[in-house]
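Subject: Structure handover

Hello,

Here is the structure you are taking over. My notes on what was found in it follow below.

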Amino acid sequence: MKKRVLALALLVAVLTGCAGKDASSPVTGGAAWSFPEGPAPAEEYERFSWYGFGEENPDRNPSAAATEKEMADMLAAVIEAAGGDVEGWRELTAHASDEGIYRDYCAMFLLYAAEHMDATEFTMGFAPYLLGGRTDENWDAFGTDIRGGYRLFEEFGENWDRVCVSVSSQMEDGQEMNYLNASQNFVVSRLSLITGEPLLDFDYGTFTMHLTEPLTYEDAAVAVVRLFESLPETAERFPEDQAVTARVEELLQAGRDRRDAVLASETAIAKGDTFVPGETYTGTAYYVSNSGDDANDGLSPEIAWATIDRLNAQPLQYGDAVFFERGGVWRAAQVYTKPGVTYSAYGEGNKPGLYGSVENGGGAEKWTLWHEGEDGSKIWVYDRPMLDCGSIALTDTLGAVKVQGFWNGECFQPVSELWSTDRTEEAMAEQAAMPEFDPAEQLTENLTFFCQAGSGLPDSLPIYLSGWVDTGEREQYCLTADGPLYLRCDGGNPGELYPDMEFLSPYAPFDGVADDVVIDNLAVLYTGRNILSVAPECEGVLVQNCELGWGGGCAASYALDTITGYGAGVQRNGGVGGASSSHNTFRNNYVHETYQEGLGLETAIEFSGQAFDVTDVTIEGNVFYHCGSALIYFNWDEEANPDHQFRRVSFRGNLVFYSTMSDWVDTGEDVDGFTTGAFTIDGGPNMQDGTVEVRDNVFFAARECLVYIRTYVPEYLPDFEGNIYAQFSNGVFLSSVSAPNYWSANAAEGVRKTLFDESGEVLSLSRSRWGEADW
């Protein structure tokens, strides 16, 4: 295979035409500063004087120490250019001296300056996780032990040891930090949108920012340039390299073309003498149509059955086929698949729709205004009790965001902020003290909803709502417990505004697919559970030419402690899962809008006393869009276990776009680090025998992290080859708990040194330009 050249195509490969916009206007409103004209220098240090943040002085040694006064003046120029509070800054730094400063003092300067220009938000950086116990910094050398403290911020009315609210409010665990700790997190979390570099250089080899070393004049100048270029308004003035633009448009068009080809694919399955999965069937063909009749025998389109209940009652045989009429829709029913049976489509028009949604929610008569706030908020209640919902698909790409409550055995409560990330006794006590869930108080954002599906739930925990437990003759609670559904829609009656809305109800059309089943040319949509899953002990499944979308988000369990298969608290999940099954193929499908995995493979599940490997699985030629974790494989063994391995698994030629970009999906924010993205290897070391490949895929843009590997073990890493890694310049390309993390500035290095993908291609994207691309 011909190797492609590894290339990091930064957006600023050609920094020309930066004054293409009105160069006389300030970036954000500063009256005395205007953006310079002409092409920008390629080097950050040269752009320092080009912006006018400091005088060009050939006698100034860039390697000599920067002083307090120089740092204060540099940042005053940046704050003025950004339209910030320059007067407040000059007052704060009025006593700046000619003493040299250290890099940790520089970090504090940058944070205080950022507060004066309203620019303290983390840029999808990695500070809290990166610094936590993983650096070689000489922490004992900070503060007064080496130079008498941080003079400007402790001797003249300011106290750096107070809580820094602007940074503490962004920490996942709610930790309160002073300005010393906050600044060290901030400068590695705020990235230049031009180069992708953190404000202070980070040494990826030693995991240090060398905070105890003196700050050079050049490092100070580069740091303030990066702070200025971390502003979206600044980044917009830098033109995108034409080659990058052309490449991005090419990739997006390839995705659209393949998606459209899947949606328009025709049924090619015919009767034959030999069963060739996906091509022929050998037995009897049955037909199902919305205009059919269950009294028919179903043996032709003219005498088709009408319902899935009738289909499930038929004793289908190995080699038979079932064809659903195109353009039809079947709701809130599960197909009980039979071994060796093909399920496909006949007729003309759109693919047959198998929906988990119990009904369409459009129509003004279905919604009643329940609460109207003084702030203009409007909360509506549906006209009948509803089962739990994972989301509400308001349009093809817009989903309402679920505000999940916790069922304590008596009522629903809001989930406390501490308990969402912590399972200590303190967190449990805080959760127990939470009041009853009040939609008027908890639905704080437009297009959020709460499903009070508690009627019929037990009064003791834990409760399995779906999966993992034998219910005997009883239906699973997710299909019986219901209650009022509240939707905040400030714009008016949601039934009028969104006439085609669908509920992600807990009916799973294909749950536990049987051996040697073929699923072809179906649209399986709108379920709050897995869209399609293969039972762990089953194998030989082929899924092709299907649309699989809008899946997951329903509550699966409520528990105070970790229980089998689920964690404490509220467990939500759902996507397209292959589970622990083997000898399966997923090809040429369009998978979109999934709460968690677009397609997931998992070992280390003990099912009926047996452990399962994942062997001979092919995921090829699919398009993934707006999935929580588009492609993921994992086990939870803490140590490599030869009995739980991946063997001959291929992720090949898939196009993965905009992972975790929908607000309603699981973004992984409740756990340390970034665990969702375009490709994820989660859990333990994920032992494999050298036959797992990740080849010729396109991984295009994720909200935070593009590729995530929780436990990085090089000897068990799949063979990455020839993939395209395109990520936002202010996002993370590659993240791991146990390996370096890579932003756009060093993404090519990470692809080569960590993934060993020598033929990979790396593209750095402008979030403002490509974050809302027309799909």
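Cys546 is buried in this predicted model, because its relative accessibility of 0% is under the 20% cut-off. Cys389 is likewise buried, with a relative accessible area of 0%.

On disulfides: the structure holds 0 of them. Cys389 takes part in none, and the nearest cysteine sulfur, that of Cys451, is 4.7 Å away.

Ten strands form an open sheet with parallel pairing, in the order E4-E5-E7-E22-E25-E30-E34-E36-E39-E42. Its edges are strand E4 (285-288) and strand E42 (719-721), each of which pairs on one side only. From one strand to the next, the twist averages 10 degrees. Within the sheet, strand E34 (residues 614-620) runs parallel to strand E36 (residues 646-652), and the two are paired over 6 bridges. Ile619 has Phe651 of E36 as its bridge partner.

Last, the second largest pocket. The space in this pocket is about 550 Å³. Its lining consists of 26 residues, and those nearest the centre are Tyr355, Asp396, Leu525, Tyr526 and Glu547. By class, the lining has 12 nonpolar, 8 polar and 6 charged residues. At least two lining residues each come from helix H11 (242-263) and strands E8 (353-355), E23 (523-527), E26 (547-551) and E31 (590-602). Strand E23 gives the most, with 3 residues.

Regards

Key
Residues are numbered from 1 along each chain as its sequence is written. This is a predicted model: local features need pLDDT of at least 70, side-chain atom pairs count only at pLDDT 80 or more; totals for chains, interfaces and linings use all residues. Side-chain values use heavy atoms; hydrogens and water are left out. On a 1 Å grid over the protein atoms alone, a cavity is a set of points where a 1.4 Å probe fits but cannot get out, and a pocket is an open set with protein on both sides within 12 Å along at least five of seven lines; lining residues have an atom within 4 Å of a point. Grid points are joined across faces, edges and corners, and a volume is the space filled by probe spheres set on the points. Helices (H or I, at least four residues) and strands (E, at least two) are DSSP runs, numbered from the N terminus. Ala, Val, Leu, Ile, Met, Phe, Trp, Tyr, Cys and Pro count as nonpolar, Asp, Glu, Lys and Arg as charged, and the others, Gly among them, as polar. A disulfide is a pair of cysteine sulfur atoms within 2.5 Å. Buried means under 20% relative accessible area, exposed over 50%, partly exposed in between (1.4 Å probe, protein chains only). Two strands pair if DSSP finds at least two bridges between them. Axes are lines fitted to C-alpha atoms, for helices over the stretch in contact, and angles run from 0 to 180 degrees between N-to-C directions.
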